[in-house]
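Visitor: I have not seen this structure before. Please show it and take me through it by question and answer.

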Amino acid sequence: MATEIVGGAAVAPPTSVSGGRAARLRQLAPFLPAGLILVGLFFVPLALMLVFSFWSTDENLDVVPVWSLENYANFFDNPTYVRTLAKTMIMGAGVTLACLVGAFAVAYFLARYVSRRWARLALLVIIVPFWTSYLLRVYSWQAILGEHGALNEVLMALGLISEPSRLFVYNDVGTFIVLVYVYVPFAALVLYASLDRFDFTQLTAAQDLGARPIQAFRHILLPQIRPGIITACIFVFIPILGEFLTPSMVGGAQGLLIANLLANFFKNALIPEGAAVGFMIAAFVILLLVVFRRYLRVEDVVARA
Amino acid sequence: MTVFDQTYTRRRFLQASGAVGVAVSFGGVTAACNLVGGQGGTFNWMTWGDHYMPDQLKAIEDSDKIFANISELSGNAEGFAKLKEVKGQLDMMSGDALWLRDAYHKEGLIEPFDINELKVASQLYPFARQFDIWTTPEGYLGYPFGWSPISIYYNPKFVDPAPDSWQVLLDPKYKGRVVVENQPEEIVADMGKAAGFDDVYNMTDDQLATVKGYLEKLKPNVLKFAQQATDSVNVMISEEAYLITGNLGNEDRVKDGGGPEIKGFIPKEGTVGWMDAEMTVKEGANKALIRPYLEKANVAEYIAANFIEHGRPLFNEAAYKVLVNQGEQERADRYLYNKSEEVLAATTLKGPGTSTAKSIQLFNEVFGA
Amino acid sequence: MPSRVDPLETMPVSRYAGAVRWSLRLWFGALMVFLYLPIMFMVVFSFDESRTPGLPITGFTLHWYDVLLDNRVLLGAVGNSITVAVVVAILATAIGTMAAFVLVRGGIRYPNATRIAFTLPIMVPGVLIGVSLLIYFARAADLPLSLGTVIAGQLVVTVPFVVLIVASRLQGVDRALEWAAADLGASPRQAIRHIVLPLIAPAILAGALISVTLSIDEFVITWFTVGAQSTLPTYIYTRIKFGVTPEVNAVATIMLVATLLTFGIASLILGRARRLPGRRRGPVRA
């Protein structure tokens, strides 16, 4: 957010000009732990896995250096992988949209109409259920959404349906509901962090100048919280591509997502085969990010000081 | 970046390290308080949750000061992969059937022993000390614990006539009413049994092609894949499913949960099954504690209590007598406690197989989107 | 601390303002119900007599809470989970915030590429990360597995969240404020402490909360990187053969109540402290 400063500190005050490499190292020092984690605990192990993905498993469940492209070829030969990946992306997009809408309303409410102290407490109260075991909460969802579960009882009591519906769980609907349930708090946290910084009097000012509320919203609020929206999208959509517990528990036999197919390999210690599928998933996501990179550039909106 | 940010972040780093130090020492203190570690010592055991009971562990800690540091085992393949990597960090490992011989022993990870050296082994059924698959020139591969074939359970209210074969799972009448466990290689093996094959963990490509047809017929019938036994039991209680596969003992679990009367059977084409044992890890630092532990833990009283708790048969013969004395004979007989030799002889035992990779590919192909 | 609700805002600016506000309140309430419904069931199941947590409720009992106290394996797992979560939260927040500063304020030659690099751990399925770390620790680094390696593994997926959240917020902080403060005589430290820190505090807090949330129920990476220990998720998810008993529901209920109580009390104490007269704190809302 650029402010017009007349006179005064429009330019950074002169800093001590210290020499070359020592100064640069000191500049970079705070970044080092994160950099080390990224390189040493992520890139290097994954490079190892990349090599493994071109090898094979022998009968002793050992990974042997027999180079072949077979694991990757399987990904394309067997149409199921691409189809499941596509299905997962569609599910992910749908869940992201639902989470954004749901979480935005909540984050907006908390940022604008609630004092900061209570807003923070509310966010904590929203997050706390996620500190209990996910498995137990999904068992509860099965009890709620199941054929003889709470939801059906309520709907029948209200007279909306005459017999229990099996529509809500053990299919894609169930997966969708539970995935939204799991990711809405993340989206709410991220959106709140972004909305909190926004000065809502700008909207009032815009309306004073004659804008309709929707216009003020669209032209003033949305652009300024775009980085937050983008972050929320990334935090919801991308992890969904790795979700296998939810689909396996409430997705039913027809609801497997791509990470389930991946997990099936690793559960049987078939590392090269699993690694190949895993890298293909990552490759598709990188492809997506490259294609949509223009929308992801967060500095566009914020003038660099 | 200017000097502003540097000092600030350095200070934060120091503050953070201080906080970390406090947290870690706190964690260390609480962890140390948890450990008993008296004269006996601690050994590391990776096992399934039904191989021990809290009061049993406590009694052994109090009497012999032997502390079993337990970490969870979910499946044979994952456990094997883990042990291959961590080796000496574990002292005792549990495993099923052919995994002992064809994986752990083949890889040289475990130490065979003379089972008759253990006094408590005399409580076992004699044949349990002489299984072919666990006998090697160097000794016996593991101390036998429990076993179960995979059975099919059905709700007689909805499943008619009473089934006796794997085919019932494929009957279109039961669309969306079957629940199987979320173990792809097992599902493929089960369908291999349905197709009449014997060695279902080492199937040929032709056999797998046949099994594919069975899997495709199974797919519309499956309501969900049960992540745990609890899942299967719950769907039978709520009557969302009419048919499930699982270990022995599900009738009682469903009844206990407030569900209907269900019946179980072993399919006539044959089934797969498991029998597990405790193995000694060759490089384990504390493996000397294993024998004293086994001597204390595997006595008839504890095994009988374990049977009551988990409802599946075990290899301890003396425990059967204890159960009879406790008035549990009906239940023990229902679970074929005394019949382990005959049941297991007719069962294909779980183990690593040559067709696992192809089975998983097949499963993904059929059950993917 | 100025009250959050500006008098300007209570002035009706449009016909719909009231309706909007009420529907937002309703939506918030509905969301809370949605979030806590399964929790309520989970708590109820902990009192269920039957061994299998689920409907129907066959009877009411405190038995599971009773046996829970003797189950040292389960309690040890809970202790490990909490320890790991706290350490991960502190480390991830510290490391991530520092990295965010460098990322946003210069010092990195290719900031865009680095930002994308930080998105990658979120993008790779956790199973793959877990397996890669197991192989790496065991074969390449020759490190014994322990809770330490679990913490390291969880940092891989939590630090990116913190970096991205804090960077996103830090991006929007107007440097001119700090320079103005410098002009007025503030040292760099004071400027950071009183201007930047309060401005990005919500993002840091959000990062910490996300780290705890990701860590405390983390199963996949933990399973591969843990040594001869267990955490609560590994205890629960591995009960494949015979399932869980309501003991785990009891543990979860206790943890939930303890956490809510802690936050409630902490919030009361902080609230009281804030109302004490003293130097006016808080950022200038820019």
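Visitor: How many helices and strands does chain B have?

Guide: This is a predicted model, in which local features need pLDDT of at least 70, side-chain atom pairs count only at pLDDT 80 or more, and totals for chains, interfaces and linings use all residues. Residues are numbered from 1 along each chain as its sequence is written, while chains are lettered from A and ligands numbered from 1 in the order in which they are written. Helices (H or I, at least four residues) and strands (E, at least two) are DSSP runs, numbered from the N terminus. Counted that way, chain B has 14 helices and 13 strands.

Visitor: Which element gives the largest share of the side of chain A that touches chain B?

Guide: Two residues are in contact if their C-beta atoms, placed from the backbone, lie within 7 Å. The contact takes 35 residues from chain A and 39 residues from chain B. On the chain A side, the elements giving two or more residues are helix H1 (20-28), helix H4 (79-113), helix H12 (245-250) and helix H13 (258-266). The largest share, five residues, comes from H4(A).
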